[in-house]
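This briefing walks through a protein structure by topic. Please look over the sequence and the structure before reading on.

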Amino acid sequence: MASIVRNTFKAIKEKGLGNFLREFREEGYLRCLPDGNLLQTKIHNLGAKVVGVDQYGNKYYENMNVQYGRHRWVEYASKNRYNASQVPPEWHGWLHYITDHTGDEILMLKPSRYAIDHKENFTGEGDEKIYHSKGHTLNPGQRDWTRYQSWQPGKS
């Protein structure tokens with residue numbers, strides 16, 4: 001809690017009160033009050049700097065004043081439905097400390113002839129292929145499990 005207050009005062013000191021309040025309103029801090037996860041992310045973003053934005057609108061942050069291993073994170077573009085497959089591979093390496101090069105730097109080095117656009121995992125949605133194991137209720141080739149009977153103690 002102390003770090004949140006410290007980062008807030010540091011941001012006000014650096015940007016000025018007017019600019020801080022304008023950014024507070026533009027970034028949507030007031031709209032995120034009902035959503036606890038989004039509010040926590042927004043509060044966490046107070047002392048951080050935006051490192052980059054990918055082609056899907058995800059914002060990547062870094063704050064060197066917090067614990068190592070927790071100083072890089074992503075704020076997803078879609079606030080209501082998000083998962084880890086929405087992070088392109090260029091930024092995945094930066095987020096997981098595989099490389100210190102940001103996704104934008106890696107994209108500049110990536111040959112265009114080998115480039116395949118990233119596609120998030122749509123498993124469970126729409127017309128994409130959905131894999132279900134043999135015993136899953138939604139598998140079209142599901143086995144008939146009714147031939148098995150449960151064990152009843154005391155019966156021979």
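The points below cover confidence, strands, aromatic rings and the nonpolar core.

This is a predicted model. The chain has an average pLDDT of 76, and 62% of its residues score at least 70.

**Confidence along the chain**

- Strand β2 (residues 59–62) has the highest confidence, at a mean of 90.
- Helix α3 (residues 36–44) has the lowest, with a mean of 64.

**Strand pairing**

- Strand β1 (residues 49–53) runs antiparallel to β2, and 4 bridges join the two.
- Val 50 has Tyr 61 in β2 as its bridge partner.
- β1 and β2 make a hairpin with 5 residues between them. Gly 57, in the turn, has a positive phi of about 95°.
- β2 also pairs with β3, again in the antiparallel sense and over 4 bridges.
- In β3, Trp 73 stands opposite Tyr 61.

**Aromatic pairs**

- A search of the whole structure gives 5 aromatic pairs.
- One of them joins Tyr 68 and Tyr 97: the ring centres are 5.3 Å apart and the planes lie at 40°, so the pair counts as tilted.
- Tyr 68 is in the loop between β2 and β3 (72–75), while Tyr 97 is in the loop between α4 (89–95) and α5 (103–109), so this pair ties together parts 29 residues apart in sequence.
- Tyr 68 is exposed, because its relative accessible area of 63% is over 50%.
- Tyr 97 has a relative accessible area of 26%, which means that this residue is partly exposed.
- Trp 91 and Trp 94 form an edge-to-face pair, with 5.7 Å from centre to centre and 85° between the planes.
- Trp 91 and Trp 94 are 3 residues apart in helix α4, so about one helical turn separates them.
- Ring pairs link Trp 91 and Trp 94 with Tyr 60 into a cluster.

**The nonpolar core**

- Which residues make up the largest nonpolar core? The 7 residues are Tyr 60, Val 74, Tyr 76, Val 87, Trp 91, Trp 94 and Leu 95.
- Helix α4 supplies the largest share of this core, 3 residues.
- Trp 91 and Trp 94 are both buried.
- Tyr 60 touches residues including Val 74, Val 87, Trp 91, Trp 94 and Leu 95, which are also listed in the core.
- The contacts of Tyr 60 also include Lys 49, Val 50, Val 51, Gly 52 and Asp 54, as well as Trp 73 and Pro 88. This list leaves out residues up to four places away in sequence.

Key: Residues are numbered from 1 along each chain as its sequence is written. This is a predicted model: local features need pLDDT of at least 70, side-chain atom pairs count only at pLDDT 80 or more; totals for chains, interfaces and linings use all residues. Side-chain values use heavy atoms; hydrogens and water are left out. pLDDT is the predictor's confidence in each residue, from 0 to 100. Rings of Phe, Tyr and Trp (its six-membered ring) pair if their centres lie within 6.5 Å; planes under 30 degrees apart count as stacked, over 60 as edge-to-face and the rest as tilted. Buried means under 20% relative accessible area, exposed over 50%, partly exposed in between (1.4 Å probe, protein chains only). A nonpolar core is a set of buried Ala, Val, Leu, Ile, Met, Phe, Trp, Tyr and Cys residues joined through side-chain atoms within 4.5 Å. Contact means heavy atoms within 4.5 Å. Two strands pair if DSSP finds at least two bridges between them.
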